[in-house]
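We will go from one selection to the next.

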Amino acid sequence: MKNKIFYLNNEKTVYLKTYLLDTVESIEFGKKRPAMLILPGGGYEFCSNREAEPIAMRYAAEGYNTFVLFYTCNRRFPAAFINAAYAMYKIRSRAEEFNIDKDKIAVWGASAGGHLAGCLATMWNDSSVCEAIGCQPQDIRPNAAILNYPVISGITSPHKGSFNVLLGENPPASNVSRLSLENRVTPRTPPCFVWCTANDDSVSAHNSLVFAKACVSNKVPCELHMFDEGPHGLSDCSKNTGWNEYFYNDNCKQWIQMSVKFLEKYMNI
């Protein structure tokens, strides 16, 4: 495996860490690989290491070349979104270098990172973002999205901390509505896999429900799993990322293989 860091701004505070699997020409693994852009959570205040490399390793084990983005935090929208869009553009435009299939690039995000991944899935054709990056909308559209216990709505059971960072306190209702991703789903949104726990007391499961409902209304392929219990921030549900025994959750850990099967189906892997 080859690792490299690509800085995406002059201050070197925004960067993409790559995990590129070795190519073995004599076997099938020599073909171009699918890719995963990983957006850790952290309430838009920080990027959680628990949801960075451990997730990259899970998908690398399934044959993906993975990319973890450490994006701008504690900045108003669209700072982090532009980072995510630019990262997707860089990955796709350098597909040959990274030995990936440019038509099989998914995005993964957890919690606030799930909101950011959801922005990429639903707002990839935002003309102002494309102009800022200097790309075409299709350059930044993910081919699928995996959303783990995501922040979605500023209206239905909102995670106020995330929206306060994005919009400030007491923002106009129109701005809140604009960043409530259940309002941004269209028939052109890529296939989405969503999971959460029913008793998440940080980011309500209602966020996942309203997003899945919007996908159904727009005929977007969507798979939703709500597990009965588990704390917020489960990451890969293992001892490698858990703070205590409540995070070692074999039931919720099923999300990993479930998401892999979803991607195999909708990205034709």
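A helix here is a DSSP run of H or I with at least four residues, and helices are numbered from the N terminus. Bear in mind as you click around that this is a predicted model.

**Stop 1: the core.** Start by selecting Leu 37, Tyr 59, Leu 69 and Trp 255. These are the residues with the most contacts inside the largest nonpolar core, which has 89 residues.

**Stop 2: Leu 69.** Show the surroundings of Leu 69, leaving aside residues up to four places away in sequence. Among the residues that Leu 69 touches are Leu 8, Val 14, Tyr 15, Leu 37, Pro 40 and Cys 47. Its contacts also include Asn 83, Ala 84 and Ala 87.

**Stop 3: Ile 91.** Move on to Ile 91, which lies in helix H2. Is Ile 91 buried or exposed? Ile 91 counts as buried because its relative accessible area is 0%, and the cut-off for buried is under 20%. Beyond residues up to four places away in sequence, Ile 91 touches Leu 16, Leu 37, Phe 67, Phe 98, Ile 100 and Ile 105. For a distance check, pick the C-alpha atoms of Ile 91 and Val 185: they are 94 residues apart along the chain and separated by 24 Å.

**Stop 4: Ser 208.** Finally, select helix H8, residues 206-217, and find Ser 208 in it. Ser 208 is buried, since its relative accessibility is 1%. Which residues does Ser 208 touch, not counting those up to four places away in sequence? They are Pro 150, Val 194, Trp 195, Cys 196 and Leu 224.

Note on methods. Residues numbered from 1 in each chain as written. Predicted model: local features only at pLDDT ≥ 70, side-chain atom pairs only at ≥ 80, totals over all residues. Heavy atoms only, no water. Core = buried A, V, L, I, M, F, W, Y, C linked by side-chain atoms within 4.5 Å. Buried < 20%, exposed > 50% of the residue type's maximum accessible area, 1.4 Å probe, protein only. Contact = heavy atoms within 4.5 Å. Helix = DSSP H or I, 4+ residues; strand = E, 2+ residues; numbered from the N terminus.
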